Amino acid sequence: MLQVYNTLSRSLEVFEPVNPGRVLIYVCGPTVYDFSHVGHARTYVAFDVIKRYLRLKGYDVFHVQNITDIDDKIINRAAEERRDWRDVVDEYSRDYLEALKKLRVFVDVHPRVTEHIGEIIEFIQKLIDKGHAYVAPSGSVYFDVDTYDDYGRLSGRLDKKMWSQEEFATEKKNPYDFALWKARKPGEPYWDSPWGPGRPGWHIECSVMSSRYLGKRFDIHGGGSDLIFPHHENERAQSESLFDERPWVKYWMHTGMLQVGGEKMSKSLKNIVPLKDLFKEYDPLVVRLWLASAHYRTVLSFSDDSLQQAQANLQRLRGAAQLVYRLTREVEPSGRLSDAELSVLAELSDIRKSFYESMDQDFNASSAFASAMRLASIIYSQIAAKPSYTTVLYAYKLLDEFNKVLGVMDDVLAELPKELVPVDELINLLVEVRSALRSQKNWELSDYIRARLNELGVILMDEKDKTRWIISPRPK
Ligand code: AMP
Ligand code: ZN
């Protein structure tokens with residue numbers, strides 16, 4: 001039974017989607033005014049792991065992750081660099097999408113604010129008509145927080161004094177009201193509206209785009225915990241006020257922040273590590289595994305050590321995957337299972353149970369990952385030592401199942417693509433030649449072949465009467 005921690009209730013709740021069998025997820029994506037950094041990846045990979053696990057459990061999942069392509073930060077960046085704001089958006093949204101692809105995070109739809117201006121205007125108009133929003137003399141429109149009786153519950157800020165919103169404007173009724181529509185300032189991009197030219201405030205986009213793609217009620221609303229206040233508090237106020245649906249979102253889920261030296265990684269603190277730079281040092285799959293093997297709610301620290309550890313883990317897992325894949329081609333079906341095989345099977349089944357139990361406990365990916373590493377150990381030791389049809393196939397199936405969530409072994413577990421087969425055969429040929437050299441006691445040449453292959457990332461493993469090999473990503 002899957003349990004999920006809901007930020008709104010501050011407790012674990014049994015997961016039951018609004019529509020049985022279907023899970024609708026909305027995650028707040030980036031404001032594209034700079035390169036995507038490791039902190040962003042922390043949140044995107046965390047929700048990707050959650051989504052993949054829900055799919056593994058058989059749910060039909062639809063995942064929306066927006067791109068904020070109009071905002072003060074974008075306008076400021078364009079002004080600083082004397083560029084068109086659309087150029088800024090284009091450069092950094094490309095960078096973001098490229099990073100997601102490398103991290104193997106596949107989102108179903110990436111809606112952009114500027115493609116939804118019509119719906120945003122309609123939404124705001126309805127809020128005005130219902131008495132939840134007001135037009136100020138400047139032509140800006142504000143949400144009247146006093147008209148929503150549940151404000152502050154998500155963030156736990158129940159005292160009105162704690163509600164002050166960043167955007168300060170003296171024309172607001174109350175300091176905690178927030179902008180739905182910002183009247184045009186000279187030189188800024190704008191769209192026409194019933195209240196005059198302007199552009200949307202930040203919070204409205206997520207209420208509008210989530211309802212367009214997921215309907216008026218959906219299951220999971222995610223983002224980093226930095227968004228709980230004011231962004232998610234505001235989204236909630238405007239959506240519940242308009243839709244009269246409570247709860248609008250069934251489970252609010254927030255990731256723990258990625259920190260560097262004890263501080264949140266963020267552009268404003270000038271401590272960001274752009275993903276495009278990190279990918280020059282570490283394979284994106286190393287970064288993915290590091291993030292996918294952490295619990296989504298913990299505060300994570302960025303360090304070289306943790307990435308080195310992830311690199312070693314990735315090599316071990318991928319090595320096990322290649323080994324077990326190769327073994328599936330060697331074993332023949334057998335009849336009676338030995339006691340030793342039965343004991344390996346029992347152990348594998350126990351590992352599977354632990355993996356699911358961990359993930360069912362609020363997606364505890366860190367503990368689930370430990371199960372995957374246990375499986376790798378068994379493959380290297382017990383299964384490789386005495387491969388049998390039943391244990392090899394079961395281990396292969398299990399690793400494939402875990403990989404549906406981890407997403408770091410797709411290429412090694414899948415049937416090797418045709419163009420790779422000759423490479424495979426060439427390696428086999430070298431291994432054969434080396435074995436012949438060894439039987440002639442030509443150690444010098446046989447060691448030379450081993451060392452050269454090693455340099456290329458092909459690791460040979462000599463066993464009693466045969467040599468196996470795996471390809472390991474070359475350290476950079
Ligand atoms: P932003 O572009 O800053 O609005 O961030 C886009 C997404 O990444 C949001 O869901 C943020 O909560 C998340 N995010 C930004 N910085 C971090 C960080 N240091 N750690 C974890 N998540 C972050
Ligand atoms: Zn949002």
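Helix H1 gives the most to the lining of the largest pocket, with five residues. Helices here are DSSP runs of H or I with at least four residues, strands are E runs of at least two, and both are numbered from the N terminus. This is a predicted model, in which local features need pLDDT of at least 70, side-chain atom pairs count only at pLDDT 80 or more, and totals for chains, interfaces and linings use all residues. Residues are numbered from 1 along each chain as its sequence is written, and side-chain values use heavy atoms, without hydrogens or water.

**The ligand site**

Ligand 1 sits in the largest pocket (more than half of its atoms lie within 2 Å of the grid points). H1 (38-56) and strand S9 (218-224) each supply at least two residues of the shell around ligand 1. The largest share, four residues, comes from H1. The shell has 18 residues, and Thr43, Gly224, Asp226, Leu258 and Met265 come nearest. A residue is near if one of its heavy atoms lies within 4 Å. By class, the shell has seven nonpolar, nine polar and two charged residues.

| Ligand 1 atom | Polar backbone atom of | Distance |
|---|---|---|
| oxygen | Thr31 | 3.1 Å |
| nitrogen | Gly39 | 3.1 Å |
| nitrogen | Met265 | 2.9 Å |

The protein covers 92% of the 480 Å² of accessible area that ligand 1 has on its own (Shrake-Rupley method, 1.4 Å probe).

Conventions:
Chains lettered and ligands numbered in written order. Polar contact = N/O pair within 3.5 Å; in protein donor to acceptor, adjacent residues only side chain to side chain. 1 Å grid on protein atoms, 1.4 Å probe; cavity = no way out; pocket = protein on both sides within 12 Å on 5 of 7 lines; lining within 4 Å. Nonpolar A, V, L, I, M, F, W, Y, C, P; charged D, E, K, R; others polar.
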